[in-house]
Amino acid sequence: MPVSFARWRGIAGFGLVLSVSGCAVHESKPPEQIVKARAQERWDALVKGNVEAAYGYLSPGSKAVRTAEGYRNEIKVGFWTSATVEQVQCGSEDSCEAQVSIEYKARGLRVKTPLTETWIRQQGNWWYVLK
């Protein structure tokens, strides 16, 4: 049975409301929560060896100075065994520091090391800054 124009317009309007409200929910989260999730996603990709996905989290400025191929050549795939973002502190509304605990094997021993990352908000999203 064909759907009338009025029905399609109603369905489209409902979809628009859902998509806009979805953005509002994301924006209403504290920056610390957003950065913690994005930093963990980036580290999960690195631990799995998905360098291309991890590169996607780099800030526009980092990507301007480091190509995807250059980044891939710097990453030691399979080096990390796990990573956990412990906490995030934001010094301003557009800049945060993520405290990460990374684990790797060195000379047969399991090593756990703290690491601090800088994340910035640009173009409506949070990005990792290469040092």
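**Basis.** I worked from a predicted model in which local features need pLDDT of at least 70 and side-chain atom pairs count only at pLDDT 80 or more, while totals for chains, interfaces and linings use all residues. Residues are numbered from 1 along each chain as its sequence is written, and side-chain values use heavy atoms, with hydrogens and water left out.

**Entry 1: the chain.** I looked up the secondary structure and found 5 helices and 4 strands. I took helices (H or I, at least four residues) and strands (E, at least two) as DSSP runs, numbered from the N terminus. From the N terminus on, the order is α-α-α-α-α-β-β-β-β. I noted that buried residues (under 20% relative accessible area, with exposed over 50% and partly exposed in between, 1.4 Å probe, protein chains only) make up 27% of the 131 residues. The chain exposes about 8500 Å², of which carbon and sulfur atoms supply 58%; accessible areas come from the Shrake-Rupley method with a 1.4 Å probe, and for residues only the protein chains shown count as cover. For contacts (heavy atoms within 4.5 Å), I recorded that 48% of those between residues at least 6 apart in sequence join residues at least 24 apart.

**Entry 2: the sheet.** I traced an open sheet of 4 strands in the order β1-β2-β3-β4, with antiparallel pairing. Two strands pair if DSSP finds at least two bridges between them. β1 (80-92) and β4 (125-129) stand at the edges with a single partner strand each, so one side of each lacks a neighbour in the sheet. The twist averages 30° from one strand to the next; axes are lines fitted to C-alpha atoms, for helices over the stretch in contact, and angles run from 0 to 180 degrees between N-to-C directions. I then followed β3 (residues 109-122), which pairs with β4 in the antiparallel sense over 5 bridges. Gln122 stands opposite Asn125 in β4, and Thr118 stands opposite Val129 in β4. The two strands β3 and β4 form a hairpin with 2 residues between them, and Gln123 in the turn has a positive phi of about 50°.

**Entry 3: helix and core.** I checked α2 (residues 31-48), which lies across β1, β2 (95-106), β3 and β4 and runs at about 155° to β1. I next looked up the largest nonpolar core, which has 25 residues; those with the most contacts inside it are Trp43, Leu46, Tyr71, Ala98, Val100 and Trp119. Such a core is a set of buried Ala, Val, Leu, Ile, Met, Phe, Trp, Tyr and Cys residues joined through side-chain atoms within 4.5 Å. At least two residues of this core come from each of α2, α3 (51-55), β1, β2 and β4, and α2 gives the most, with 6 residues. Leaving aside neighbours within four places in sequence, I listed the contacts of Ala98, among them Ala39, Val85, Leu115 and Trp119.

**Entry 4: Glu103.** I placed Glu103 in strand β2. Glu103 counts as buried because its relative accessibility is 15%. Not counting residues up to four places away in sequence, Glu103 touches Trp80, Thr81, Ser82, Arg110, Val111 and Lys112.

**Entry 5: the disulfide.** I found 1 disulfide in the structure, taking the term as a pair of cysteine sulfur atoms within 2.5 Å. Cys90 and Cys96 form it, with their sulfur atoms 1.9 Å apart. The link of Cys90 and Cys96 is right-handed, with 90° about the S-S bond. At 24% relative accessibility Cys90 counts as partly exposed, whereas Cys96, at 1%, counts as buried.
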